[in-house]
Amino acid sequence: MPRPIQALIHTEALAHNLQQARQAAPDARIWAIVKANAYGHGIDRAYEGLRAADGFALLDLAEAEKVRSLGWRGPILLLEGVFEPRDLELCSRLDLWHVVHCTEQIDWLAAHKTQKPHRVFLKMNSGMNRLGLRAGAFRAAWTRLNALPQVDEISLMTHFATADGDEGVARQLAAFTAATADLTGERSLANSAAVLRFGADPAVRADWVRPGILAYGSSPDFPAHDIAHWGLQPAMTLRSRLIAVQQLAAGDSVGYGARFTATEPLRVGVVACGYADGYPRVADTGTPVLVDGVRTRTLGRVSMDMLAVDLTPVPHAGPGTEVTLWGRAADGTVLAIDEVAQAAGTLGYELMCALAPRVPVEVVA
C-alpha cells in the first residue's frame with residue numbers, strides 16, 4: 001500500500017467560509033484570492049468551493065489561464081498587475097483586470113495597442129509601503145489613466161497593514177478616503193482581517209472585498225480569535241497514521257538530538273509525516289496533534305519522513321491509527337492549522353503553501 005499520508009481539500013468548507021465573508025461584509029462583491037496556487041490547496045481543487053465568488057484574484061498569468069480553463073467567465077484580477085509590457089496582450093486576450101501600482105505600468109498601457117480598453121485597479125500606498133502610489137502621486141496617476149484610450153474603468157484600491165492588530169484600519173482608511181474623495185471608481189480595501197473585524201463599516205467593505213486566508217479556514221487575527229470565533233471551517237486536512245509504537249523507560253530520549261527525554265514510562269507513536277511532507281521541522285515538543293481524534297502532543301524533533309507523538313491520552317492507539325496533523329479528524333474533531341503554526345513560530349499561510357508535492361491530495365465535500 002502507499003505511504004499513509006494524505007491531504008484532503010474540503011470544498012464545502014471553502015464555500016462555507018466564503019459565505020462567512022459575505023455575511024461579514026454585506027453588499028460587497030467578493031474576490032476569491034487564489035494566489036500561490038490557492039494558498040497551496042490547488043486552484044483546480046479549490047475552484048468548485050469558491051465559484052460562488054464574484055471574481056478571482058491572483059498573481060500571475062499562468063494562474064489566470066488556469067481559472068479561465070476551468071470555465072470561469074467572470075472577472076479575474078492580477079493583484080500585482082503586469083510585470084512587462086507584453087503581458088498586456090494576454091490581459092486583452094483573457095479579459096483580465098489588473099492592478100496599476102507604479103508609473104511604469106501606466107507607461108506600458110499608454111504604449112499598448114488594443115481594440116478593447118482595460119479595466120484597471122489603481123493602487124494607493126496608504127501605509128503598507130509595499131506596492132502603490134503615495135497620496136501625492138495618486139491623483140496625477142488617476143488623471144493620466146483616465147485620459148488613456150487604452151483604459152476603460154478605473155477602480156481604486158489599497159491594502160491594510162494592521163487590520164489584524166490593535167491599530168486597526170483607521171489611519172490608512174483616513175489617508176485613502178482623503179486622497180480619493182472626489183475621484184470616481186469602485187473601491188477595494190478589505191483583506192481577511194478587515195472583512196471579519198470591520199466589514200460592517202461601509203467605508204471599509206466598500207465595493208469589493210478580498211478575503212484570502214479566511215476562505216481557507218485560518219483566522220487572520222489568531223491568537224486573538226480562533227476559527228471557531230469567526231465561524232470558519234478548515235479547508236485542508238493533513239492526515240496520516242501511526243506506523244510504529246515505542247515503549248520508553250524513564251531516561252529514554254526520542255529522535256535526533258535527543259531533544260525530548262522521558263521522565264517516566266511512556267508510549268510513543270511514530271507517524272508517517274515529516275518535514276519533507278511540508279510539516280514544519282521547527283515544531284518542537286508540545287505541538288498539538290490529534291490521534292484518533294484525541295488531542296495530544298508531538299515529542300522531540302521532526303524528521304524528514306517521521307515524527308513522534310505522545311500516546312498517553314490514547315492508550316488504545318497502535319499501528320494504523322489515524323493521526324490528524326491539522327484540519328478535521330474522522331470523528332469531526334478540529335485541530336486548527338493556526339495552532340500548529342503558532343507552535344512552529346509561523347502562520348497558517350506558510351503551512352498551507354508548504355504542502356509538499358509528494359503528498360497525495362484528494363478533494364472531498
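**Helix packing and cores**

Reply: The crossing of H1 and H3 is right-handed, meaning that the near helix is turned clockwise from the far one by less than a right angle. This is a predicted model, where local features need pLDDT of at least 70 and side-chain atom pairs count only at pLDDT 80 or more, while totals for chains, interfaces and linings use all residues. Residues are numbered from 1 along each chain as its sequence is written, and side-chain values use heavy atoms, with hydrogens and water left out.

Me: At what angle do the axes of H1 and H3 cross?

Reply: Two packed helices are described by the angle and the distance between their axes. Here the axes of H1 (residues 11–24) and H3 (residues 43–50) come within 7 Å and cross at roughly 50 degrees, which makes H1 oblique to H3 (under 35 degrees is roughly parallel, over 145 roughly antiparallel, 65 to 115 roughly perpendicular, and the rest oblique).

Me: Which residues of H1 and H3 make the contact?

Reply: Contact means heavy atoms within 4.5 Å. Thr11, Leu14, Ala15 and Leu18 of H1 meet Arg45, Ala46, Gly49 and Leu50 of H3.

Me: Which residues have the most contacts inside the largest nonpolar core?

Reply: A nonpolar core is a set of buried Ala, Val, Leu, Ile, Met, Phe, Trp, Tyr and Cys residues joined through side-chain atoms within 4.5 Å, where buried means under 20% relative accessible area (1.4 Å probe, protein chains only). The largest has 113 residues, and Leu50, Leu122 and Leu145 have the most contacts inside it. Leaving aside neighbours within four places in sequence, the contacts of Leu50 include Leu14, Leu18 and Phe56.

How values were computed
Axes fitted to C-alpha atoms, helices over the stretch in contact; angles between N-to-C directions. Helix = DSSP H or I, 4+ residues; strand = E, 2+ residues; numbered from the N terminus. Buried < 20%, exposed > 50% of the residue type's maximum accessible area, 1.4 Å probe, protein only.
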